[in-house]
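Morning, everyone. I want to talk about charged pairs today. Have a look at this one with me.

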Amino acid sequence: MSQFAPKDFWAHFFIQSLYRPFDCINLSFGAADRTKCSPKDVENIRFRQDIQNIFKKYEQKNTLVSIIDALVKNEIPYRAAEPHKWVEIAYAHVISGNKRESLKYLEKVEICCKENSTINWVKEIGEQSGLIKNYLLSDNLDKALDTLRQWQIYTIKQLHLTDLE
């Protein structure tokens, strides 16, 4: 039997990529401090130090390549539907200029989308990733990057994150 105590909580953080055309936040990747705490603990120095230790682990991952590696190795837990994970990794490879790796993960997206072709949001992901894949196959990296930038601007506006523009 599981129980829920409203006064107990854990500190979580999530990674939201901005290079996909989202109408809402998709908090797919993240981690948590599993030290059980109460609202009073937020003021507690020990608790804040525990949170800082979690983030120190990720401070070392300060390049796109190291983040991609952490996502592939599941060092950053994955919390959303499978096609999203492969899209995140594929598009990160596009940004880093690694066409071969990007195509490898876009192939995984294609497989997931074919298996779930009746779900509208999955079809949409398939169409978007297919567009990027076609640009890569025609050696048009600039067009792929431009498309990701356009989606980034759209996502930032949809999330009302005007300070990031």
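Start with Lys-104, which is partly exposed, at 40% relative accessible area. Keep in mind that this is a predicted model. Lys-104 pairs with Glu-101 in a salt bridge, and the closest N and O atoms are 3.1 Å apart. Both residues sit in helix H4, three residues apart, about one turn of the helix. Glu-101 is partly exposed too, at 23%.

How many salt bridges does the structure hold? Five.

Next, Lys-99 and Asp-139. Their closest N and O atoms are 2.5 Å apart, in another salt bridge. This pair links distant parts of the chain, 40 residues apart: Lys-99 is in helix H4, and Asp-139 is in the loop between H5 and helix H6. Asp-139 is exposed, with 62% relative accessible area. Lys-99 is partly exposed, at 33%.

Now Lys-133. Buried or exposed? Buried: its relative accessible area is 16%, and the cut-off for buried is under 20%. Lys-133 lies in helix H5, residues 120–137.

Its side chain meets that of Glu-110 in a salt bridge, 2.9 Å from N to O. Lys-133 is in helix H5 and Glu-110 in helix H4, so the pair ties together parts that are 23 residues apart in sequence. Glu-110 is partly exposed, at 29%. Salt bridges with shared partners join Glu-107, Glu-110 and Lys-133 into one network.

Last point: what else does Lys-133 touch, leaving out residues up to four places away in sequence? Its contacts include Leu-103 and Leu-106, alongside Glu-107 and Glu-110.

That's my tour. Over to you.

Notes:
Residues numbered from 1 in each chain as written. Predicted model: local features only at pLDDT ≥ 70, side-chain atom pairs only at ≥ 80, totals over all residues. Heavy atoms only, no water. Helix = DSSP H or I, 4+ residues; strand = E, 2+ residues; numbered from the N terminus. Contact = heavy atoms within 4.5 Å. Salt bridge = Lys/Arg side-chain N within 4 Å of Asp/Glu carboxyl O. Buried < 20%, exposed > 50% of the residue type's maximum accessible area, 1.4 Å probe, protein only.
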